[in-house]
Every structure is written in structure tokens, then in C-alpha cells.
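Visitor: I am new to this structure and would like to learn how to read it. Could you walk me through it?

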Amino acid sequence: MKPDKPDKPGNRRRGRHGYRDSDDHGDSDAQLTRSASGDAAAFTRLVETHSSALHGYFARRMPGAADDLLSEAWLQAFAARRTFDPSRGSARGWLFGVAHNVLAQYLRRAGRTEVVAGPDVTDPWQAVDQRLDAAALAPALRRALAELPVEEREVLLLISWEQLTPAEAAAVVGIPAGTARSRLHRARGRLRDRLAAPRPAGRNLSATGDLA
């Protein structure tokens, strides 16, 4: 399954934790709950609402396999839909948890334990949707991200790229929300230090917005 086209900033609204999909969390929670009771149309609406975001998650990590990973994620989400518990988190966070597991399965089959976005990966929101000072920062940012501890980098990217809240990101990777916030704080600090380091051209770079 492949979305017709990726989300654009104009289709999302600004919230306390950054840009968020225009879909209301309660709507998706209700749709996922109804789908577990046999409402096929409710699951179809989930696919329509969240496919672009999930495809972006895969495309930024495994661009060559993003379409297949997205299809597998929806198959697994449908099979596991009855395990969703709205009291434990949002449908959006649950879906990203499924996507996270699908990616981990793919990496294990490939004999890998992690993935780092390289310079050839194109972010569909123009260098993380204006969270950088300039598009030219993207290569330096990716190098700095690659140097972060993997557990810190994943929390940072789930929040800054995938627009999850710290609590949702925590649920995706299976850690307490407080631990996710601590990792986010450390990752942002390391990123600022690396991007502020003196450059040969004499221009220091800095991250802004969700990455700062």
C-alpha cells in the first residue's frame, strides 16, 4: 500500500509538541476500536488517515523498501487490531509501534540491528519541514544524527520527524515516558553541540524547532 502523496506542512496543524496530523486522536482511537469489532470501513479510514505518515517513517529509514514495509505494517496492524487499548495510548502511537516492529523484523532478516539515514535519503518535508536553518544543513544534520546513541536518535526522530509526543514515542520503543523525555533532552543537547562545532568555512550551524 502506498499513499497517493506524502503529507505536507499545510495539511497539519501546530500543537504543543510540533506539527500534528489534522486527524483528531479520538477519531482514530474510535476507528481502531470499531475495526476490532468488525467494522471494515473504520479500518479503511485508518489506512487513509495514517498511510502517508507511516510511509514517511519507512521512507526515511529504508527508502527502497518503504512500500513493502508499509503493506506489511497494515497487514500486521489489521491482524493485531483487537490488542489496541485506548487507555494505554493513542491509535497513532499504536500504529507507529507496529511500524517500528515491522522495521525491526526487516532489519533482523537483513542481518542488521539499526538503520541510519544516509545522505541519499530525501525527506519528503524539505529537510524536516523547516526545522532547520536551511536546506543545506541536511547533510551535516544527518552526520550528527549518525553519531548519536541509537536509543537517543530513535526517540528524537520519532518526535521531530514523525510528530509523536514523548509519551507516544516512549510507547513505540517500549520505555517509560520519563525515560523518553530524558533521551530526547540528551539527544537535543548532543545535536546542538555537534552542529555548533566550528566548520572549515567559518559558519556554525544550528538546529531549530523540534530538533533544538
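Visitor: Which residues does glutamate 154 touch, not counting residues up to four places away in sequence?

Guide: Contact means heavy atoms within 4.5 Å. Glutamate 154 touches Tyr57, Arg61, His100 and Val173 by that rule, leaving out residues up to four places away in sequence. Before we go on: this is a predicted model, where local features need pLDDT of at least 70 and side-chain atom pairs count only at pLDDT 80 or more, while totals for chains, interfaces and linings use all residues. Residues are numbered from 1 along each chain as its sequence is written, and side-chain values use heavy atoms, with hydrogens and water left out.

Visitor: Is glutamate 154 buried or exposed?

Guide: Buried means under 20% relative accessible area, exposed over 50%, and partly exposed in between (1.4 Å probe, protein chains only). Glutamate 154 counts as buried because its relative accessibility is 17%. Leucine 75 is exposed, since its relative accessible area is 54%. Across the chain, buried residues make up 49% of the 212 residues.

Visitor: Where do glutamate 154 and leucine 75 lie?

Guide: Helices (H or I, at least four residues) and strands (E, at least two) are DSSP runs, numbered from the N terminus. Glutamate 154 is in helix 7, residues 150–160, and leucine 75 is in helix 3, residues 66–79. The chain has nine helices and two strands, in the order β-β-α-α-α-α-α-α-α-α-α.

Visitor: How do I read the packing of helix 4 and helix 8?

Guide: Two packed helices are described by the angle between their axes and the distance between the axes. Axes are lines fitted to C-alpha atoms, for helices over the stretch in contact, with angles from 0 to 180 degrees between N-to-C directions. Here the axes of helix 4 (residues 91–109) and helix 8 (residues 166–173) come within 8 Å and cross at roughly 35 degrees. On the helix 4 side, Arg92, Gly93, Phe96, Gly97 and His100 meet Glu168, Val172 and Val173 of helix 8.

Visitor: Which residues touch the most other members of the largest nonpolar core?

Guide: In soluble globular proteins, nonpolar side chains tend to be buried together. A nonpolar core is a set of buried Ala, Val, Leu, Ile, Met, Phe, Trp, Tyr and Cys residues joined through side-chain atoms within 4.5 Å. In the largest one, with 48 residues, Phe58, Trp74, Leu145 and Leu191 touch the most other members. Helix 4 gives the most to this core, with nine residues. As for phenylalanine 58, its contacts include Pro63, Leu70 and Val102.
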